[in-house]
Amino acid sequence: HRTGFMTGNPRRGGIAAVAVREWQRITASPYLMLILVVFPLATGALIVAIFGSGAARDLPVAVVDLDRSALSRQLIRAIDATGGVRVASVLSNEDEARRLVVRGERYGLVSIPAQFERDVARGNAPVVTAFYNAQYLLPASQFRSAMVASTATVSARVEAGRRLASGEPRAVAMARVEPVALDVHTLFNPHLNYLTYIVASLLRMEPDKVRALVEARPVAAHD
């Protein structure tokens, strides 16, 4: 028969002893400290630093305003208000703006032609020209979206003002300017944020990287 009883939780003490022993092994080895402590922390910090803003915003673009009118300034404000891009410089020389894009200091260039406001008032549909570097896929997409949104906004305001001036009721004018309403629902990453899908996925891969590096060491040492 049993002559005594065990007290306490031997498993808890065993786990604690193993944890202390493994930590001592890690701290005694510069390689293990680098792989198990420094590398995961540095990689995690780098990922968060790169994608911490959640989304690319306020990408700098240049605008060449050859009209210098109230309507051209309205268009510039509409571009700047999109959030995806930021009007970092308003120039009067297209060659200078192109050099900024070529040097990578601006992601895109918008050229507003001379007599822009006059042509709009006459119904001549002036052309606003945009140039962007398609090598950078995300900035190019944001720039293109910002241009579509801003020009559509200004065009709708101009048309609504023209109809209101002709005597149309406001509700009728707005309905004719935008006869089709768009209701968009974002699925899967509704916040349009890197943190919700890219960062989480990358951080989940870190333990696998660490395990591969630790397991590769004895194999390399044996060879």
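Is Tyr136 buried, partly exposed or exposed? At 44% relative accessibility, Tyr136 counts as partly exposed, a label for residues between the buried ones (under 20% relative accessible area) and the exposed ones (over 50%), with a 1.4 Å probe and protein chains only.

A word on the numbers before going on. This is a predicted model, where local features need pLDDT of at least 70 and side-chain atom pairs count only at pLDDT 80 or more, while totals for chains, interfaces and linings use all residues. Residues are numbered from 1 along each chain as its sequence is written, and side-chain values use heavy atoms, with hydrogens and water left out.

As for the overall layout, the chain has 8 helices and 4 strands. These are DSSP runs numbered from the N terminus (helices: H or I, at least four residues; strands: E, at least two). Read from the N terminus, the order is α-α-β-α-β-α-β-α-β-α-α-α. Of the 223 residues in the chain, 26% are buried.

Back to the tyrosine, then. The structure holds 2 aromatic pairs. Rings of Phe, Tyr and Trp (its six-membered ring) pair if their centres lie within 6.5 Å; planes under 30 degrees apart count as stacked, over 60 as edge-to-face and the rest as tilted. Tyr107 and Tyr136 make an edge-to-face pair, because their ring centres are 6.2 Å apart and their planes stand at 80 degrees. Tyr107 sits in the loop between helix H4 (94-102) and strand S3 (108-112), and Tyr136 in the loop between strand S4 (129-132) and helix H6 (137-165), so the pair ties together parts that are 29 residues apart in sequence.

The rings of Tyr132 and Phe143 form a tilted pair, since their centres are 5.7 Å apart and their planes lie at 50 degrees. This pair, too, links distant parts of the chain: Tyr132 belongs to strand S4 and Phe143 to helix H6, 11 residues apart.

Next come the charges. The whole structure contains 6 salt bridges, each being a side-chain nitrogen of Lys or Arg within 4 Å of a carboxyl oxygen of Asp or Glu. In one of them, Glu94 meets Arg98 with the closest N and O atoms 3.2 Å apart. Both residues lie in helix H4, 4 residues apart, about one turn of the helix. Glu94 is partly exposed at 25%, and Arg98 is partly exposed at 37%.

Glu105 and Arg103 also form a salt bridge, at 2.8 Å from N to O. Here Arg103 counts as exposed, at 52% relative accessibility, while Glu105 is partly exposed, at 37%.

Over in helix H6, Glu159 and Arg163 are 4 residues apart, so about one helical turn separates them. Their side chains meet in a salt bridge of 3.0 Å, N to O. Glu159 is partly exposed with a relative accessible area of 26%, and Arg163 is partly exposed at 23%. Together with Arg162 and Glu168, Glu159 and Arg163 are linked in a network of salt bridges.
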